[in-house]
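Subject: Structure for your review

Dear colleague,

Please find below the structure that I am handing over to you. My findings follow directly after it.

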Amino acid sequence: MIELVLTIIGRDRAGVVSSLADVVLFHEGNWKRSELAEIAGTFAGVVVVEVGDDRVDELLTNLLVLREQGLHVTAQQIEEPVAAPDADEVRLRLTGDDRPGVVHEISTAISDAGISISRLGTVTDLPGEDGGRRFEITIQLTVPVGADLDAVLDSIGKVAVDLAIALNVEDLTGDDVGE
């Protein structure tokens, strides 16, 4: 069996996921993991599929058919799965008045602490005071076991204070671990 990472982008419409799933199923592939979203009228996603060695070329050829439906699909074979390190998963939710540079400042603080962002989502169309816009950033962190989680959160908290934004920290079960 071969694992492929597929990236999909195109104009959003009903049936996009079904069309992709049809092609995968037709080639007896297994849909293993995905992150799919509609953003600003555009469908975008990443899917990991597993397919038999003898079906890969045929699957890749048939994925090209989706271009006729307005979808651009790329495929990359996963050579060797990377073992996930022992780590804690932490979710940050930051909110505040929208302005350029917020994602840069927060992501730089996280990167400087040697922590990986495993998922990031942003929304900036939230109504703010005085007609301005507010943002919400949700970040999932993978913090290696042995890393000083309190020091990492303190560093991110200092950036949040400097930017005058609210920070809420949760574990993946939704229990608060700090603010």
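Alanine 164 is exposed, with a relative accessible area of 65%, in this predicted model. The residue lies in the loop between H4 and strand E8 (166-171). Although alanine 164 is not a glycine, its phi is positive, at about 55°.

Why does alanine 40 count as exposed? Its relative accessibility is 74%, and a residue is called exposed when this value is over 50%.

I turn next to the helix pairs. Two packed helices are described by the angle between their axes and the distance between the axes.

For helix H1 (residues 16-26) and helix H2 (residues 56-63), the axes come within 9 Å and cross at roughly 155°. Angles over 145 degrees count as roughly antiparallel, and H1 and H2 are therefore roughly antiparallel to each other. The crossing in which H1 passes H2 is right-handed. Which residues meet here? On the side of H1 they are Leu20, Val23, Val24 and Phe26, and on the side of H2 they are Glu58, Leu59, Asn62 and Leu63. Sorted by class, this contact has six nonpolar residues, one polar residue and one charged residue.

H2 has Val56, Leu59 and Leu63 as its buried residues. These residues are on the same side of H2, because they cover an arc of only 65° around the axis. Among the elements that cover the buried residues of H2 are strand E1 (2-11), H1, strand E3 (42-51) and strand E4 (71-77).

Is valine 24 buried or exposed? Valine 24, which has its place in helix H1, is buried, with a relative accessible area of 4%. Leaving aside residues up to four places away in sequence, valine 24 touches Gly29, Asn30, Trp31, Val49 and Leu59. Between valine 24 and aspartate 154 there are 130 residues in sequence and 45 Å in space, taken from C-alpha to C-alpha.

The second pair consists of helix H3 (residues 102-112) and helix H4 (residues 149-162), whose axes come within 9 Å and cross at roughly 160°. H3 and H4 are therefore roughly antiparallel to each other. H3 passes H4 in a crossing that is right-handed. Five nonpolar residues, one polar residue and one charged residue make up the contact of H3 with H4.

The buried residues of H3 are Val102, Ile106, Ala109 and Ile110. An arc of only 100° around the axis holds them, so they are on the same side of H3. They pack against strand E5 (87-97), strand E6 (116-127), strand E7 (133-144) and H4. What does the face of H3 turned away from its buried side carry? That face carries the exposed residues His104 and Asp112.

Yours sincerely,

A colleague

Methods: Residues are numbered from 1 along each chain as its sequence is written. This is a predicted model: local features need pLDDT of at least 70, side-chain atom pairs count only at pLDDT 80 or more; totals for chains, interfaces and linings use all residues. Side-chain values use heavy atoms; hydrogens and water are left out. Axes are lines fitted to C-alpha atoms, for helices over the stretch in contact, and angles run from 0 to 180 degrees between N-to-C directions. Helices (H or I, at least four residues) and strands (E, at least two) are DSSP runs, numbered from the N terminus. Angles under 35 degrees count as roughly parallel, over 145 as roughly antiparallel, 65 to 115 as roughly perpendicular and the rest as oblique. A crossing is left-handed if the near helix is turned anticlockwise from the far one by less than a right angle, and right-handed if clockwise. Contact means heavy atoms within 4.5 Å. Ala, Val, Leu, Ile, Met, Phe, Trp, Tyr, Cys and Pro count as nonpolar, Asp, Glu, Lys and Arg as charged, and the others, Gly among them, as polar. Buried means under 20% relative accessible area, exposed over 50%, partly exposed in between (1.4 Å probe, protein chains only). The arc is that of the directions from the helix axis to the C-beta atoms.
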